[in-house]
Amino acid sequence: MLDRTRTLPALLLILPSLALSLWIIGYPIYDVVYTSLHEVNRFGRVRDFAGLANFAKLFADPIFFASLWRTVLWTVTVVGGAILLSVPIAVMLNEDFYGRGIARVIVMLPWAISLAMTAIVWRWSLNGQYGMINATLFQLGILDGPVEWLASFDTAFPIEIAIGILVSIPFTATVLLGGLSSIPADVYEAATIDGATGWQRFRWMTLPLMKPFLQIAIVLNVINVFNSFPIIWVLTQGEPANSTDILVTYLYKLAFRYGRLDTAAAMSLIMFAILLVFTAAYIVLARRSEEKGA
């Protein structure tokens, strides 16, 4: 039984923080929902009630569906690539070797640089006229002339995915390294004595013990990459002809370039629903996995 003499004062103490949190989270959601159900001009003035008309306009927009598909491709490839590269990096950084501290700092250092600044540097490097990439490839004899890397979807989007993977590695490797550091060394020593090879220890010990940290890294990266704006916007602004747009960049264009604030609000709710469904599905699958393990 709960002791009301202790519960009530505790609730009163957290009530101001709870009310503030509900206001900070709840009011923007209410405002977006309200905007999505009305006609709004480019200056933000709300006009007549529109019902689901803004959602209907969005579902009739081919650019929206193309951006949705690219968002899925962008998220899956960036998160998958970051996980695949971060696992061996975290394993190496967890080993005891001379200069390990410096190696960890080098791997984590890009995390301190903003995504916008990173994208600006890459845009300079990929410039077709004076970029470092073209100059280096030309000196090596690989190119005969300048290449406009960001002028075509065939080259621009894969480059953006590669940059997205690179900037996701520091955070992902940090999470996985924290998981590896929590595994007792005695477990590996016992496995080595029993004759387990390095691959067997990794396959049957490291990966199962790392599963909770892998799940955390995947979920946080999906949420972050799905809403990642700076890389694509700084490099191409979704061009040429919206061919590199993902949902978040197209949302920005709808709101601030085309002045369609009502449609942009409807789109933001769809993005919120997608992430909500993903998070709920992850929670369900994680609970089922824990129940099976138990």
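Visitor: Is Ala-241 buried or exposed?

Guide: In this predicted model, Ala-241 counts as exposed, because its relative accessibility is 69% and the cut-off for that class is over 50%. The residue is found in the loop between helix 10 and helix 11.

Visitor: What is the phi of Ala-241?

Guide: Most residues other than glycine have a negative phi. Ala-241, however, has a positive phi, near 55°. Gln-237 likewise is not a glycine and has a positive phi of about 55°. Gln-237 also lies in the loop between helix 10 and helix 11. With a relative accessible area of 28%, Gln-237 is partly exposed.

Visitor: Which residues does the cis peptide bond join?

Guide: Most peptide bonds are trans. Here, Glu-239 and Pro-240 are joined by a cis bond, with omega about 0°. Pro-240 is placed in the loop between helix 10 (230-235) and helix 11 (247-257).

Visitor: How many residues does the largest nonpolar core have, and which have the most contacts inside it?

Guide: In soluble globular proteins, nonpolar side chains tend to be buried together. The largest nonpolar core in this model has 51 residues, and Phe-64, Trp-74, Leu-176 and Met-267 have the most contacts inside it. Several helices each supply at least two residues of this core, among them helix 3 (62-94), helix 9 (198-226) and helix 12 (261-293). Helix 7 gives the largest share, 11 residues.

Visitor: With which residues is Leu-176 in contact, leaving aside neighbours within four places in sequence?

Guide: On that basis, Leu-176 is in contact with Ser-86, Val-87, Ala-90, Met-210, Phe-213, Leu-214 and Ala-217.

Note on methods: Residues are numbered from 1 along each chain as its sequence is written. This is a predicted model: local features need pLDDT of at least 70, side-chain atom pairs count only at pLDDT 80 or more; totals for chains, interfaces and linings use all residues. Side-chain values use heavy atoms; hydrogens and water are left out. Helices (H or I, at least four residues) and strands (E, at least two) are DSSP runs, numbered from the N terminus. Buried means under 20% relative accessible area, exposed over 50%, partly exposed in between (1.4 Å probe, protein chains only). A nonpolar core is a set of buried Ala, Val, Leu, Ile, Met, Phe, Trp, Tyr and Cys residues joined through side-chain atoms within 4.5 Å. Contact means heavy atoms within 4.5 Å.
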